Amino acid sequence: MQNRILQKVDVSRVKMLREISIETFVHTYAQFNTEEDMQHYIATEFSEEKLLQSITSASSAFYFAMEDNEAIGYIKVNYAPSQTDINDPESLELERIYVSAQHQGERAGQFLLNAACNIALENNFNYLWLGVWDKNTNAQKFYAKNGFVAFGTHDFMLGNDVQRDILLKLKL
């Protein structure tokens, strides 16, 4: 880890956010999904307009993990009522946590997870929660190692494909 810092994403960085969002999403999921479903999701979820809506929302925030002026990963957190599922005002949702392929294995994911925990603690939330794809066993192991426990499931649409997320929470 060089000079790694957490930086809140503002509207001036929407293009950088879009680039890293697409790059990390494609790297993580392209091998498991159709090109059509991937392109549909990218067009709807990673458009500049959609990202700007989230950046400017009072109930969502993006943060970059930055190293030497380069975004190496990011998180998106949601406060109620912008949470994707349970909308509990006592909780913080970690909707996205992604690390660039070239920086995986450098503990950037742990850095970002710790940052999300700190944000939740600073805001006096009781727990942090997230959804993880039921086929992403590496991520599930990472979250289990960090104390997360399953508490439910929800469906996630990727294009026309209904996928299942396991809901995990970490009591703070």
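Predicted model: local features only at pLDDT ≥ 70, side-chain atom pairs only at ≥ 80, totals over all residues.
On the α1 side, Ile22, Phe25, Val26 and Tyr29 take part, and they meet Met38, Tyr41 and Ile42 of α2. By class, this contact of α1 with α2 holds seven nonpolar residues, with no polar and no charged ones.

The crossing of α1 and α3 is right-handed. Here Val14, Lys15, Leu17 and Arg18 of α1 meet Glu48, Leu51, Leu52 and Ile55 of α3. The contact of α1 with α3 comprises five nonpolar and three charged residues, and no polar residue.

Helix α3 also contains Ser54. With a relative accessible area of 12%, Ser54 is buried, since the cut-off for a buried residue is under 20%. When neighbours within four places in sequence are left aside, the contacts of Ser54 are Ser60, Phe62 and Lys76.

The largest nonpolar core of the model has 27 residues, of which Ile75, Val77, Leu92, Leu94, Leu128, Tyr143 and Phe148 touch the most other members. At least two residues of this core come from each of β2 (60-67), β3 (70-78), β4 (91-99), α4 (108-122), β5 (127-133), α5 (137-145) and β7 (161-171). Helix α4 provides the largest share, seven residues. For Tyr143, residues up to four places away in sequence not being counted, the residues touched are Ile97, Leu130, Val132, Phe148 and Leu168. Another core, of 20 residues, lies apart from the largest one, and Ile20, Met38, Tyr74 and Tyr98 are among its members. Of these, Met38 also takes part in the contact of α1 with α2.

Ala71 is located in strand β3. This residue is buried, its relative accessible area being 12%. Beyond its neighbours within four places in sequence, Ala71 is in contact with Met16, Ile20, Phe64, Ala65, Met66 and Ser100. Between the C-alpha atoms of Ala71 and Glu90, which are 19 residues apart along the chain, the separation is 30 Å.

Several backbone features are found in loops. In the loop between β3 and β4 lies Pro81, and the peptide bond that leads from Ala80 to Pro81 is cis, with omega near 10°. Asn87 is also placed in the loop between β3 and β4. Although Asn87 is a residue other than glycine, its phi is positive, near 50°. The relative accessible area of Asn87 is 32%, and the residue is partly exposed. A positive phi, of about 50°, is likewise present at Asp68, which is not a glycine. Asp68 belongs to the loop between β2 and β3, and at 48% relative accessibility this residue counts as partly exposed.

Notes
Residues numbered from 1 in each chain as written. Heavy atoms only, no water. Core = buried A, V, L, I, M, F, W, Y, C linked by side-chain atoms within 4.5 Å. Buried < 20%, exposed > 50% of the residue type's maximum accessible area, 1.4 Å probe, protein only. Helix = DSSP H or I, 4+ residues; strand = E, 2+ residues; numbered from the N terminus. Contact = heavy atoms within 4.5 Å. Left-handed = near helix turned anticlockwise from the far one by under 90°. Nonpolar A, V, L, I, M, F, W, Y, C, P; charged D, E, K, R; others polar.
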